[in-house]
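Have the sequence and the structure open, and try each task before reading its solution.

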Amino acid sequence: MNLDIVILLAQDGLTNGAIYALLALALVMVFAVTRVIFVPQGEFVAFGALTLASLQANKFPGTVWLLLIAGIICFLLDWHYQRRLGDGLGRRLRWSLLWQLVFPLILVIALWMAQASSFKFSNLPLIAQLLLALLIVVPLGPMIYRLAFQPMAQAPVLVLLIVSVAVHLVLVGIGLVFFGAEGSRTPPFSEGALTLAGVPVNAQTLWVLGTSILLMIGLGLFFEKSLFGKALRATAVNQTGARLMGIAPVFAGRLVFLLAALIGTYSGMLIGPITTIYYDTGFLIGLKGFVGAIIAGLVSYPLAVAGALLVGLLEAYASFWASSFKEVIVFSLIIPVLLWRSLRHQDLHDEA
Amino acid sequence: MANHIAMVALVALGLVLMTGVAGLTSFGQAAFVGLGAYVAAVLSTAFGLSPWLGLVAVMLMTVSLAFALGWITLRLSGHYLPLGTIAWGLSLYFVFGNLELLGGHTGLSSIPAIEIFGISLKSANAIYYLIWITLFAAMLLTDNLLHSREGRAIRALKGGVLVAESMGVNTARSKMIVFVLAALYAGVSGWLYAHYQRFVNPSPFSLHIGIEYLFMAVLGGAAQVWGALLGAGVVTLLKEWLQDLLPRLLGASGNFESIVFGLLLVLLLQHAPKGLWPHAVGLCRALVGSQRSEPPGTPVAAAYLERDVSLSGLPTRTRMVGTKRADLLKAQGIEKRFGGLIANQGISLELRQGEILALIGPNGAGKSTLFDLLTGVQALDAGEVFFCGEAIHGMQARDIAKRGLCRSFQHVRLLPEMSVLENIALGAHLRGTHGPLHAVLHLERREERALMLEAAHQARRVGLAEVLHLPAGSLALGQQRTLEIARALAADPLALLLDEPAAGLRFGEKQQLAELLRELRKDGLGVLLVEHDMAFVMGLADRVVVMEHGIVIAQGEPSVIQQDPRVIEAYLGVDLG
């Protein structure tokens, strides 16, 4: 292994690591606010990449149907509960109608009309394609919270984890229905490569690193400066206390799922040009984000980023040395981490 | 198909024990099945060993691997174990698929059939009996375990480690027993699978199959032994049907049944978290038309009441009745901070034998914190605690309980689904000695009867004889508090720490409680009592300690305390006189 390969692998590792870091951040965030260990995060990665690929192939992305169906069910549930409260068409219900029924319908109709008039999505500028894919996939996040987690928000972490895994199963199956078993690879955001200090760097690598860092800074600002961000932090620290201050846990839950879906979907679009994405690839990618988050004990954001970068690097070098065992090596990384945590752990307090 | 259901049910049984009973979860049981299957396959093909020797090797392998993995993850809080199981479930699957020794993705074939007394169990009909006998044996052993002292400790895990540890249960050990047993069942199932299919490849041991096993346990009824069989049957048949139906419906091939399974699992956890088994039982009863008015176990429980407790033969502590050992419990300079808040500072007190010491003070004075520090539930920042002259600060809660310092909790902590009798028997945990091996074989029945006898005796002592068989969660709050006292008494304590035992009690019940405490005092126990009812405290206590803002502001006899101007100002109000 010469220096060139070392640098090349480091570049690979950091690129993947940055994506794992985004996912790890989302996982820590969702866990802090809702106590849900968000296993389906990976499906958003796959959905993001595959929806973009569908658009670029001028196919109707199946995720739109999923959005419409989930939206209808969400709205009917909201409507049912609102009616039981005997509270007419309140403000909350109007929001529900708008985002969960009208918006998906508009998307379906618009895409359908575009397709009927043989409009080529692939002619759109990249940024428009990205935005369109985000609009299709990201609203699924709060809907999944509404359907799967909101009815049992008080359940123990363990039960929420089982629900989470169940949602993952459903989404993987649906992914197979909509996208089929073939994988897709999307073209990079921009072609070509730069030479930085004598080392060739892919343009996509720069895109990944640059936008990941921007997204992390954005998240940081959101949590530090904005009212919504502060509300989420308050909920993470003490749900009852936040509730007494007028922050509804349901609102916090939906908001954090929206953010997680945004991060997951965007990560998928970033990784689409780097590796071929199949309907079930997201799970493994998400789990690597998990390993990063677990290194951070599911609580520390900077540690989660560091852990995820470590996972990316380890994976890159492992695939060079023992490619068929790289997954084993990456997932075995959590054993020493758990061991270290386990030896330090000494507390009798209940975490039911 | 029947063979398949039984093999799968064996794995689900282990998960029922973990998820439903002990509140642990594993997504990686399929990996243990795979481990069993591959060990069996390699030993019988490459090494030509007899399948029976293979079985021994499978059991050793799964037990030691489970022990190693459990040692790493079980001491951590709840969600690390399932996350760990996802990781090793994936890792082992990749190992199976990539090791040449194991045949890679094509797997290993021509595995010999099991032979028993010269009869080859080659055909599905022949191995049928072996598989089902194994399953029923495992169900019987599991049921035995659950109805034993170790089983109660395991069931107590679901109520959180705090109570269990305070009753002297080594919760890490109980979790390990469950985890290793579940892995063992999975390994044996893999051994059966390898010699039944006579061929193994990695696909039935993937993470998704591991999730399916968990689905079976949750669907069947995660707290019942029979639920495993029900869940395994329903899921296996449903999968068969869906794998046939869905690809035709969708016009494509693939494992679409996962969509239905996932949706069902979410709906089930939202609407029927106890699974199908309770509903199946209800349906059967409705069909047969039997009206079972009394809960199971009533006659048994009643029988315990009629026996004489002196026959129980449980070990008791030798109490020095009458002698007043002044340093039964002695605390010096105790300090505890939570960040900037000083909960306890420089607290010193002594509890004598045969004395009732009351600890009073306004809400937030640090009384319950002091209890937690004395009983090892929380670690103290500074100070010393001696019990019978032995330093106990820094000890684990269960080691302190073992020495005879027992407590009740301010916020009642019972296991609501277990009967009153079983809840009290949990308190006597440390007075039994038989381990899990005796429990699964029911070799500890004498001791079990003795523990039940003792529990019934304590129930009668506190006035709960009428409700022995009821689930503890169905009692009124006052009775639940009394139950906590009985549970502490079942441990045969030297000192009793009671946190607001009279709260929620009616006048008559309070008088009964006072009578009981006087009796305990006469028996030579030391009782430390936190209580807000002043009439109750002043009429009962020998001495009173008053706390405010984390420090002791006065102590002495009730009549002196009632006159103390600082106490009157801080707490009692001016006109109590």
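Two strands pair if DSSP finds at least two bridges between them. Keep in mind that this is a predicted model.

**Exercise 1.** Find which residues stand opposite Leu329(B) in strand 4 and strand 6 of chain B.

*Solution.* Start with strand 3 of chain B, residues 329-338, which runs antiparallel to strand 4, residues 341-351, with seven bridges joining them. In strand 4 of chain B, Leu329(B) faces Leu351(B). Next, turn to strand 6 of chain B, residues 382-387, which pairs with strand 3 in the antiparallel sense over five bridges. There, the bridge partner of Leu329(B) is Phe387(B). Finally, look at the hairpin of strands 3 and 4 of chain B: two residues lie between the strands, and Gly339(B) takes a positive phi near 60°.

**Exercise 2.** Work out which helix gives the largest share of the side of chain A that touches chain B.

*Solution.* First, count the contacts: 42 residues of chain A meet 43 residues of chain B. Then list the elements of chain A that give two or more residues to this side: helix 7 (157-179), helix 12 (281-295), helix 14 (326-332) and helix 15 (334-344). Helix 7 of chain A has the largest share, with 16 residues. By class, the side divides into 31 nonpolar, seven polar and four charged residues.

**Exercise 3.** Describe how the two domains of chain B meet.

*Solution.* Begin with the bounds: domain 1 spans 2-286, and domain 2 spans 329-418 + 479-572. Their C-alpha centres lie 46 Å apart. Even so, 11 residues of domain 1 of chain B are in contact with 11 residues of domain 2.

Terms used
Residues are numbered from 1 along each chain as its sequence is written. Chains are lettered from A and ligands numbered from 1 in the order in which they are written. This is a predicted model: local features need pLDDT of at least 70, side-chain atom pairs count only at pLDDT 80 or more; totals for chains, interfaces and linings use all residues. Two residues are in contact if their C-beta atoms, placed from the backbone, lie within 7 Å. Helices (H or I, at least four residues) and strands (E, at least two) are DSSP runs, numbered from the N terminus. Ala, Val, Leu, Ile, Met, Phe, Trp, Tyr, Cys and Pro count as nonpolar, Asp, Glu, Lys and Arg as charged, and the others, Gly among them, as polar. Domain bounds come from an automatic or database domain assignment.
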